[in-house]
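Reader: I have a structure open and some questions about it. Can we go through them one at a time?

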Amino acid sequence: MAKAVCGRFAPTPSGRMHLGNVFCALLAWLSAKKQGGTITLRIEDLDKPRCPAGSDMLLEDDLHWLGLEWDTGGSAGGKDAPYYQSRRFDIYAAYFAQLQKLGLTYPCFCNRAELHAAQAPHLSDGRILYAGTCRHLTAEQTAAKTRTKDPAQRLRLPDTAVSFIDGHYGPYTQNLAAECGDIILRRSDGVYAYQLAVVVDDALMGITEIVRGCDLLSSTPQQLYLYQLLGFTPPAFIHVPLLMAADGRRLSKRDRDLDLGFLRQHFVSPQPLIGLLAFLAGLLPAPEPVSAKELLPLFNWQKVPHNNIIVSEKLLNLFKL
C-alpha cells in the first residue's frame, strides 16, 4: 500500500509573506490535497533575531485567510511538535553528533571576508564554492585557533555525483565536491544550519513531498547526501518557477507593496488573488476569482511553466489596484 502523501509549508517568519511565498504554498497545498494527502506547517525560525515577535501568528492568519489550511503543525502543534525550528536545537545536536562520530565534520575558522575573497572559487551562477581552507588543519592548529575564535562546523563532502529526478524539472545531477563544497552544519554562534535542520525535520515529521522554489534545486543533492548519512528515506522533490519582475528581479519580501499586509488591505477576499496566481501557474486561461479548493480539479503539474514567470506591470497593477 502506497504511503500517504504529506506535504509541508516551511516559511521563515522574517517578514510578511509575499507573492512568491503564496505561489509556492498554493502549489504545495494543491499537490498534496489533489493526492488526498496532508499538509504540515513548520516555522523555520532558526535565526531568531531575524524573526520579529508575533510574525509567526501573522503568517498563520494569512494562510487561514487564503484558505490554505494545514493539518498539523504551527502553533496548534501535533505529534511531531515542536514545529518551530528554534525549539528543536537538541534534536539537531543529536544528529550532528552522529556525523561527528562518522568523522565527517571539521571546524572552520574562515570569516565572511575570507569566504568572499576575490580568489575564492565561484560557480557559473555566482555561488561561492568553499575552498576547503580549514579541511586539513592539524590538531595543534585547530587548538590554537579555538583559543581565539569559536569555529563553525562543516561537513566533508565527497567527490561523488548525486542524481535525482525532480518532479517538475526532471533529472538533475550535482558533483558534491566540485559543485557544492563542504557545507556548514553549525554556525560559529551555535545555530544549526538550514541544510541539516531541514533534512532532520522533514524526515522526523514524515514529509514525503517537498514543493519549493527552483532556487533551491541545487541544494537538493547535498540534502540527499545527508538523508543517506543519517539513514533517512528521502521525500519526493518538486521545484517550481520563481515569480520575477519585468526587469528580471525576483519578487521578495523587500517588495512591501506585494506582501500580504498590503494585499489584504486592497482585496475584499482572497479569491481574486488566488485566481491571479492560478493564472500565472497555468491552471486558468485568464485571471478570475477562485478559491484554492475550486482549483483542485484543475491542478496538474504538466500545466505549470518551467521557466521563471515574469509578472508584468499590467498584472502588478492588478495586484496593486
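Reader: Leaving aside neighbours within four places in sequence, which residues is Glu44 in contact with?
Author: This is a predicted model. Glu44 sits in the loop between β2 (38-41) and α2 (55-66). Leaving aside neighbours within four places in sequence, the residues in contact with Glu44 are Ala10, Pro11, Thr12, Pro13, Gln85, Tyr194 and Val198.

Reader: Is Glu44 buried or exposed?
Author: The cut-off for buried is under 20% relative accessible area. Glu44 has a relative accessible area of 8%, so Glu44 is buried.

Reader: Which side chain makes a polar contact with the side chain of Glu44?
Author: The cut-off for a polar contact is 3.5 Å between N or O atoms. The pair here lies at 2.9 Å, and the partner is the side chain of Arg42.

Reader: How is helix α3 placed against helix α7: roughly parallel or roughly perpendicular?
Author: Helix α3 (residues 89-101) and helix α7 (residues 194-204) pack with their axes 10 Å apart, at an angle of about 110 degrees. Angles of 65 to 115 degrees count as roughly perpendicular. Therefore α3 is, relative to α7, roughly perpendicular.

Reader: Which residues make that contact, and how many are charged?
Author: From α3 come Ile91, Tyr92, Tyr95, Phe96 and Leu99; from α7 come Leu196, Ala197, Val200, Asp201 and Leu204. By class, nine are nonpolar and none polar, which leaves the charged count at one.

Reader: How many residues of helix α8 are buried?
Author: Helix α8 covers residues 220-230 and is mostly covered. Its buried residues include Leu224, Tyr225 and Leu226.

Methods: Residues are numbered from 1 along each chain as its sequence is written. This is a predicted model: local features need pLDDT of at least 70, side-chain atom pairs count only at pLDDT 80 or more; totals for chains, interfaces and linings use all residues. Side-chain values use heavy atoms; hydrogens and water are left out. Helices (H or I, at least four residues) and strands (E, at least two) are DSSP runs, numbered from the N terminus. Buried means under 20% relative accessible area, exposed over 50%, partly exposed in between (1.4 Å probe, protein chains only). A polar contact is a pair of N or O atoms within 3.5 Å; within protein, one must be able to donate a hydrogen and the other to accept it, and residues adjacent in sequence count only if both atoms are side-chain atoms. Contact means heavy atoms within 4.5 Å. Axes are lines fitted to C-alpha atoms, for helices over the stretch in contact, and angles run from 0 to 180 degrees between N-to-C directions. Angles under 35 degrees count as roughly parallel, over 145 as roughly antiparallel, 65 to 115 as roughly perpendicular and the rest as oblique. Ala, Val, Leu, Ile, Met, Phe, Trp, Tyr, Cys and Pro count as nonpolar, Asp, Glu, Lys and Arg as charged, and the others, Gly among them, as polar.
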